[in-house]
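Please look over the sequence and the 3D structure shown here. A short report on its architecture follows.

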Amino acid sequence: MRKQNGLKIIAAALVLAMSLTACSTTGSSTGDYPTKPIIVTAPSGAGGGWDKTARSLAKVLTETKLIDQTMTVENKPGGGGTVFLAEFVAKDNEDPYKLFVSSPPILINNLKKEGNSPFGYKDVTPLAQMTKDFGAIAVPANSKFTDLQALIDAIKADPTSVTLAGGSAPGSMDHLISVLPAFKSGVDPRTVKYLSYDGGGEAIAALLGNNADAIGTDISSLGSYLKAGKIKILAVTSSERLGGDFKDVPTLKELGLDAEFTIWRGVFGPKGLSEEQLAFWDKTLKDLSENEVWQKELVANDWASEYRNAADFKTFLEEQEKDVQELLTALGMQK
């Protein structure tokens, strides 16, 4: 009898050991997390800001050995991120091996009336802000508008006579950047003529092809066109002047307009992350932000470093949500 009891105890111990091993290999044992490949999604096509951010993130985390597991990048375009986010919340919000990158559209899409998303940053877990970029107003090099005030004056005189373009739909980020100077100058933003294109590249092509008078977009995408002498950048939405190729571009505040617009880019994870998994990403992404390889990646992409941990990032999103709501309200586009 004792021998049988002893065998039962050994068998039970083996079952328990096998169960624990199985848990650790699936990654549910947070002490060993991560134990499987990680997927980072860019909710856009290749070549845009989200795509570049996701690929830079995965590349540097792997190169620096901050992550031992394989990291792959997926592109899931559609609706400026709304299609992906709905799918993520429905299917992947408990999977700690699925991350994604985003920027102000995760706020804008949730707040605007038309083509909006029922989901926003509160439905997932903000992990860290990694970079900041800024909006800019640019015109062709041979434009009659030599400065921002001339452009604003023309819009005031006849809003239909000036065409602004951007690489996103009405009510989205490029639209907000495009109308911000006029709005802050007392112009009803609903009267400003805005043409939307499928991506910043198409908007710049429209500008250079004389199909638009000016564009609003992220300044990091304009550097090569500025160096080639194809455009003039009339203003940037940063709090102070940028360096390098953009050192001569005035800020909106310099020009008397009380306005800023930061195009942050950050990393998000599922709502179901455990405290231990969140702590892992807090440490890992902070280490990334301080790494020399990452700093070189920022320079190569004309990005500025701005790291916020999960808690600070969430607070920042709450604050920017109010600013976006104000501008959408002025446009009559709030839901």
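## Gln320 and its surroundings

Leaving aside residues up to four places away in sequence, Gln320 touches Pro104, Leu107, Thr262 and Trp264, where contact means heavy atoms within 4.5 Å. Gln320 sits in helix α11, residues 310-331. Its relative accessibility is 8%, so Gln320 counts as buried. Here buried means under 20% relative accessible area, exposed means over 50%, and partly exposed is in between, with a 1.4 Å probe and protein chains only. The side chains of Gln320 and Trp264 are joined by a polar contact of 2.4 Å. Such a contact is a pair of N or O atoms within 3.5 Å; within protein, one must be able to donate a hydrogen and the other to accept it, and residues adjacent in sequence count only if both atoms are side-chain atoms.

## The model as a whole

This is a predicted model, in which local features need pLDDT of at least 70 and side-chain atom pairs count only at pLDDT 80 or more, while totals for chains, interfaces and linings use all residues. Residues are numbered from 1 along each chain as its sequence is written, and side-chain values use heavy atoms, with hydrogens and water left out.

The protein has 11 helices and 10 strands. Helices (H or I, at least four residues) and strands (E, at least two) are DSSP runs, numbered from the N terminus. The C-alpha trace spans about 100 × 40 × 30 Å along its principal axes. Of the 335 residues, 48% count as buried. Among contacts with a separation of 6 or more, 77% are between residues 24 or more positions apart.

An α-helix has 3.6 residues a turn, so residues three or four places apart point the same way.

Take α3, residues 82-91. Thr82, Phe84, Leu85, Phe88 and Val89 are buried there. Seen down the axis of α3, these buried residues fall within an arc of 160°, so they line one face of the helix. The arc is that of the directions from the helix axis to the C-beta atoms. Ala90 and Lys91 are exposed, on the face of α3 turned away from the buried side. The cover over the buried residues of α3 includes β1 (38-42), β3 (98-102), α4 (105-111) and β9 (262-269).

Which residues of α7 are buried? They are Ala203, Ile204, Ala206 and Leu207. Around the axis they cover an arc of only 155°, which puts them on the same side of α7. They pack against β4 (125-140), β5 (163-166), β7, α8 (223-227) and β8 (231-236).

## Helices that cross

Two packed helices are described by the angle between their axes and the distance between the axes. Axes are lines fitted to C-alpha atoms, for helices over the stretch in contact, and angles run from 0 to 180 degrees between N-to-C directions. Angles under 35 degrees count as roughly parallel, over 145 as roughly antiparallel, 65 to 115 as roughly perpendicular and the rest as oblique.

The axes of α6 (residues 173-184) and α11 come within 11 Å and cross at roughly 75°. The two helices are therefore roughly perpendicular to each other. From α6, His175, Leu176, Val179, Leu180, Phe183 and Lys184 take part; from α11, Val324, Glu326, Leu327, Leu328, Ala330 and Leu331. These residues divide into 9 nonpolar, 1 polar and 2 charged. Ala, Val, Leu, Ile, Met, Phe, Trp, Tyr, Cys and Pro count as nonpolar, Asp, Glu, Lys and Arg as charged, and the others, Gly among them, as polar.

Helix α2 (residues 49-63) packs with α9 (residues 275-289) at about 90°, their axes 11 Å apart. That makes α2 roughly perpendicular to α9. Leu57, Val60 and Leu61 of α2 meet Trp281, Thr284, Leu285 and Leu288 of α9. The division here is 6 nonpolar, 1 polar and no charged.

## Backbone exceptions

Most residues other than glycine have a negative phi, and most peptide bonds are trans.

A cis peptide bond joins Tyr33 and Pro34, with omega about 0°. Pro34 is found in the loop between α1 (2-26) and β1.
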